[in-house]
Amino acid sequence: MLLTPRTKPSRPKAVRIAVAVLAATTSAALLAASAPQPAAPLGIGDRLFPHLGNPGYDVTSYDIAFTYHGDNSKPLDALTKIDARVTAPLERVNLDFTHGKVRSVEVNGAPADFTTAGEDLVVTPHARVQPGERLRIAVRHTSDPVSGDVEGGWVRTGDGLAMANQADVAHRVFPCNDHPADKAQFTFRVTAPKGLTAVANGLPLAEERRADTTTWAYRTRHPMATELAQVSIGRSTVLHRTGPYRLPVRDVVPTKDREQLEPWLTKTPDQISWMEDKVGRYPFETYGVLVADARTGFELETQTLSLFEKELFTRPAYPEWYVESIMVHELAHQWFGDSVSPATWSDLWLNEGHATWYEALYAEEKARQPLEKRMRYAYRLSDSWRAAGGPPAAPKGPRPGEKISIFRPVVYDGSALVLYALRQEIGRSDFEAVERAWVHTYRDGNATTADFVRLASEVSGRNLDGFFDAWLYGAKTPPMPGHPDWTSTPPEKKAASGRK
């Protein structure tokens, strides 16, 4: 995600084993109790969002149907179907869900009791579910686009809706296991009034037209974190072009702005080629730009269809190189954050540091904006960023009521600075090999900071534990390899960076 100024297949199992252990502990406590315990919100213990995610099951797929009635201030009708594999004995199944009315729940085809606890929907099947069993949950509910004081979830646009679920608000849109450690396949089915167009992550499956409505279906071909889900509904035009290796590229824009936006959209195939030259083949089945007529304060790397504010492309004050570099930032996230997703939110620096790195590298190579100059400036501010937000791999938690406040400068330029230091330390050739190995090794999975440290050490043939410990966890910024004259000084007051 970028705020603007206005595994391996087996890797996720490590995370799931930890979740299963937590679930087993919870289940054991329930068994020991002499009477049923009251429903309570659970979580997998993420350091930054302790109540996010739920133990005891691993989601394999979501099938979500929305019916939009033409008014973006009114709730949508929805049906969310979840296929999961049970990993620990469960008397109750907790789902992350709030801000919608639940009408009914079924588990494995039978009606189930349900209640709420905190921001959890707590479902009680008729019989305890056991490890290895398939769990099929169907929830009929509403999905309310009016969010009040909460940032994210549905974004109301000038002609409809779009989604922005980072970091932890997908569960304000649909019931889910709302943590990036549990990625799954997604199918979306969206019904909207005649004259509107609906799009979603992945590739189109079907389009069914009726007298007054149309239903579109889309499906992903790769697992996806809930925070990266995207559904857009509006008076939109879908534009098609071809990227490298015949990759389908589709852009979604307000129909009235199509001509004005087209010059920017034509740049995407070459940007994909540039990224492929750096790190390897694009990891998904399609890509494109979704331009929303909305004020969000950020751009967002929703998987296969990145979300951008229209103002980014229409405000004359933004130089061309700046706009293109932001486009590359969100594109780079498709490798770093989407395909290789963080195992915990403390690993966020791996997403944003890499996206910022390629944003800056693109600006240097295409617009003669020196990378070293940007990194030296970041170094000067780095100590103050660490004091305000924590070190890159141990960030401070969000401010109360501001969950996206984890997106601080230290996880952007402060973390790109870590990558610059690594390139200085091990050399350009080994650094580029680390980057390619990272996105190849953990493709479609989850990975941790420790995984990155280990891989960089293996590729470079050096033990880099001490280097990374200082750069990722130190309260002060270490000396920059090759630049002993660089110093860190207190910053002047700056406006919020606006990045996600």
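1. Basis. In this predicted model, local features need pLDDT of at least 70 and side-chain atom pairs count only at pLDDT 80 or more, while totals for chains, interfaces and linings use all residues. Residues are numbered from 1 along each chain as its sequence is written, and side-chain values use heavy atoms, with hydrogens and water left out.

2. Arg128. This residue lies in the loop between strand 8 (120-124) and strand 9 (134-143); strands (E, at least two residues) and helices (H or I, at least four) are DSSP runs, numbered from the N terminus. Arg128 is partly exposed, with a relative accessible area of 27% (buried is under 20%, exposed over 50%, partly exposed in between; 1.4 Å probe, protein chains only). Its side chain forms a polar contact of 2.7 Å with that of Glu91 (a pair of N or O atoms within 3.5 Å; within protein, one must be able to donate a hydrogen and the other to accept it, and residues adjacent in sequence count only if both atoms are side-chain atoms).

3. Ser346. The loop between strand 22 (340-342) and helix 6 (348-367) holds Ser346, which is buried at a relative accessible area of 9%. The side chains of Ser346 and Arg47 make a polar contact (3.1 Å).

4. An open sheet of 8 strands, with mixed pairing, has the order 6-5-9-3-2-12-15-14 (two strands pair if DSSP finds at least two bridges between them). Its edge strands are strand 6 (110-111) and strand 14 (203-209). Strand 2 (residues 57-67) and strand 3 (residues 76-86) run antiparallel, joined by 10 bridges.
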